[in-house]
Amino acid sequence: MKKYVSLLLALTATCLINAQSRSGDPALSEVWTPVPTIIKPGKTASEAPSDAIVIFNGSDLSSFAGEQGKKAEWSIDGGAMTVKPGSGPIFTKQEFGDCQLHIEWRTPSVVKGEGQGRGNSGIFLMGRYELQVLDNYKNVTYSNGQAGSIYKQLIPLVNACRQPGEWQTYDVIFTAPRFSSNGRLESPARITVIHNGVLVQNNSTLLGATEYIGIPEYRVHKSKEPIMLQDHGDLVSFRNIWIREL
Ligand code: MG
């Protein structure tokens with residue numbers, strides 16, 4: 001009985017406190033500054049908002065360079081650019097650190113190869129952290145190497161691949177790693193990836209730079225670096241690439 005009385009007293013006290021806070025001035029908890037900047041969002045999720053940097057709008061590769069600053073040689077057709085196998089990766093001329101990236105990609109409709117040999121490319125944030133691009137529609141490979149993975153590090157939450165030949169989207173939120181002045185890692189890189197509208201990386205922590213063989217590790221680098229798109233020998237296309245620095 002004593003237990004029920006004290007429970008009743010506690011409930012009554014909580015109700016009184018809630019009633020008191022509700023009778024206070026609601027303006028006391030309103031914050032009016034800073035005022036978020038007004039931007040114009042795109043008409044669709046593919047279209048760049050007004051404060052984005054458009055890296056590829058479908059017409060030219062002027063925002064990209066090839067290896068050692070050479071001209072980017074990938075082909076352009078129908079508002080998309082396509083890997084020119086053997087010509088090498090391409091790099092954004094502008095360098096980026098923390099960012100929101102929208103990029104659309106398409107693997108060839110004519111299916112050739114299997115595993116890692118089918119529609120392979122990749123988006124290397126800061127030129128070293130690879131978000132895998134791969135045709136994983138009914139195509140099995142190692143889980144930490146499939147589309148939506150951070151290559152050989154982080155398995156995607158689900159396989160959200162569309163069929164080969166269909167356009168797919170990545171929306172990425174990337175936090176660059178931080179290094180102290182003596183080159184020690186202060187905080188690792190983190191990434192959130194939404195693949196075709198589906199969350200596949202949820203603020204995941206990267207283990208280091210992407211390695212094909214061996215364990216990933218961090219090596220000190222600048223706070224901004226070019227984004228690299230991989231030439232893995234397959235005819236993968238990209239379009240609607242825009243980025244917002246954070
Ligand atoms: Mg790749």
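**Entry 1**

I began with the largest pocket, whose volume is about 190 Å³. Of the 13 residues that line this pocket, I noted P108, V110, K112, D234 and L235 as the closest to its centre. The lining divides into five nonpolar, four polar and four charged residues. I used these classes: Ala, Val, Leu, Ile, Met, Phe, Trp, Tyr, Cys and Pro are nonpolar, Asp, Glu, Lys and Arg are charged, and the others, Gly among them, are polar.

The model is predicted, so I recorded its limits: local features need pLDDT of at least 70, side-chain atom pairs count only at pLDDT 80 or more, and totals for chains, interfaces and linings use all residues. Residues are numbered from 1 along each chain as its sequence is written, and side-chain values use heavy atoms, with hydrogens and water left out.

On a 1 Å grid over the protein atoms alone, a pocket is an open set of points with protein on both sides within 12 Å along at least five of seven lines, whereas a cavity is a set where a 1.4 Å probe fits but cannot get out; lining residues have an atom within 4 Å of a point. Grid points are joined across faces, edges and corners, and a volume is the space filled by probe spheres set on the points.

I then looked up the second largest pocket, which holds about 150 Å³ of space. Its lining consists of Q116, N120, F124, E130, Q132, Y142, Y151, T210, E211, Y212, Q230 and H232. By class, I recorded four nonpolar, six polar and two charged residues there.

**Entry 2: magnesium site**

Which protein atoms are the donors of the magnesium ion? I found N120 (OD1), S121 (O), E130 (OE), Q132 (OE1) and Q230 (OE1), at 2.2 to 2.4 Å from the ion. Donors are N, O and S atoms within 2.8 Å of the metal (3.2 Å for Na, K and Ca); water is not among the atoms, so sites may look incomplete. The donor residues follow the spacing N-S-x8-E-x1-Q-x97-Q in sequence. E130 and Q132 are both buried, that is, under 20% relative accessible area, with exposed over 50% and partly exposed in between (1.4 Å probe, protein chains only).

**Entry 3: cavity**

A search of the whole structure returned one cavity of 30 Å³ or more. The largest cavity has a volume of about 40 Å³. I listed I55, F64, T92, L101, I103, I227, L229 and I241 as its lining. The elements giving two or more residues to this lining are β6 (99-106) and β14 (225-229); strands (E, at least two residues) and helices (H or I, at least four) are DSSP runs, numbered from the N terminus. The lining counts seven nonpolar residues, one polar and no charged.

**Entry 4: two loop residues**

N196 lies in the loop between β12 (190-195) and β13 (198-205). Is N196 buried or exposed? N196 is buried, at a relative accessible area of 14%. Its side chain makes a polar contact of 3.0 Å with that of Q168, and a polar atom of the N196 side chain lies 2.9 Å from the backbone oxygen of A160. A polar contact is a pair of N or O atoms within 3.5 Å; within protein, one must be able to donate a hydrogen and the other to accept it, and residues adjacent in sequence count only if both atoms are side-chain atoms.

E47 lies in the loop between α1 (2-22) and β1 (53-56). I recorded E47 as partly exposed, with a relative accessible area of 35%. The E47 side chain reaches the backbone nitrogen of K43 at 3.2 Å.
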